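Hi,

Here is the structure I said I would pass on. Have a look at it first, and then read my notes below.

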Amino acid sequence: MNAATRALHAEHAPRLHALTDRVMNIVRAEVRLGRLLPLADPDRDLRIAESAAAKVLRRATDTVPGARAAGCRLAPEGEGTDVRVTMTLAAALDRPLPDRVHQVRRAVLHSAGQDLGLAVSAVDITVVDVLEPWPPGGPGLATGRGT
């Protein structure tokens, strides 16, 4: 009986390992994507990976002169399709910081709605670093000490 059990176990082990490997690869891929967020279409169950949405919103931030995205997190809010965005960024101090943050918030809201179809309930922004201007005639803004 022991010999027969070992023979059966040895025969099925490669298939079990292959199945385990496939399941673990799927789990790892989902972890890298982050959570799936609902798109603002209540008639359909459409979702986008947090990592993909964050990348698009970081790019939107980077279109604002004097601002560079440092981080972006998205989280579902409530039971509907609303999403809350939490961003960190580096900003130049060549103009009032509240104005620049307002521009970033507008860019993020526009991109979330137009490019992704996300219903954003709030955009929380924290400035975590300062961008220093290049010398006159330089190519633009350099990243600050912490980026």
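Predicted model: local features only at pLDDT ≥ 70, side-chain atom pairs only at ≥ 80, totals over all residues.

**What I found**

Let's start with R100: leaving aside its neighbours within four places in sequence, R100 is in contact (heavy atoms within 4.5 Å) with P65, G66, A67, A91, A92, L93, D94 and R95. R100 is found in helix α3. Helices here are DSSP runs of H or I with at least four residues, strands are runs of E with at least two, and both are numbered from the N terminus. Is R100 buried or exposed? R100 is buried, because its relative accessible area is 2%; buried means under 20% relative accessible area, exposed means over 50%, and partly exposed is in between, using a 1.4 Å probe and protein chains only. The R100 side chain also reaches the backbone oxygen of P65, at 2.9 Å.

Residues are numbered from 1 along each chain as its sequence is written, and side-chain values use heavy atoms, with hydrogens and water left out.

**The overall layout**

The protein has three helices and six strands, and along the sequence they follow the pattern α-β-β-α-β-β-α-β-β. Of its 147 residues, 29% are buried.

Helix α3 has 20 residues and reaches 27 Å from its first C-alpha to its last, close to the expected 28 Å (the expected span is 1.5 Å times one less than the number of residues). Its buried residues are R100, V101, V104, A107, V108, S111, A112 and L116. They cover an arc of only 130° around the axis, which puts them on the same side of α3; the arc is that of the directions from the helix axis to the C-beta atoms. On the face turned away from that buried side you'll find the exposed residues P98, R106, H110 and Q114. Just after α3, G117 takes a positive phi of about 75°.

In helix α2, the buried residues are E50, A53, A54, L57, A60 and T61. Seen down the axis, they fall within an arc of 115°, so they line one face of α2.

Strands β3 (residues 67-76) and β4 (residues 82-92) pair in the antiparallel sense over nine bridges; pairing needs at least two bridges found by DSSP. G71 has T88 in β4 as its bridge partner.

The largest nonpolar core has 25 residues, and L57, L74, V85 and L118 have the most contacts inside it. Such a core is a set of buried Ala, Val, Leu, Ile, Met, Phe, Trp, Tyr and Cys residues joined through side-chain atoms within 4.5 Å. α3 gives the most to this core, with six residues. In soluble globular proteins, nonpolar side chains tend to be buried together.

Happy browsing!

Note on methods. Polar contact = N/O pair within 3.5 Å; in protein donor to acceptor, adjacent residues only side chain to side chain.
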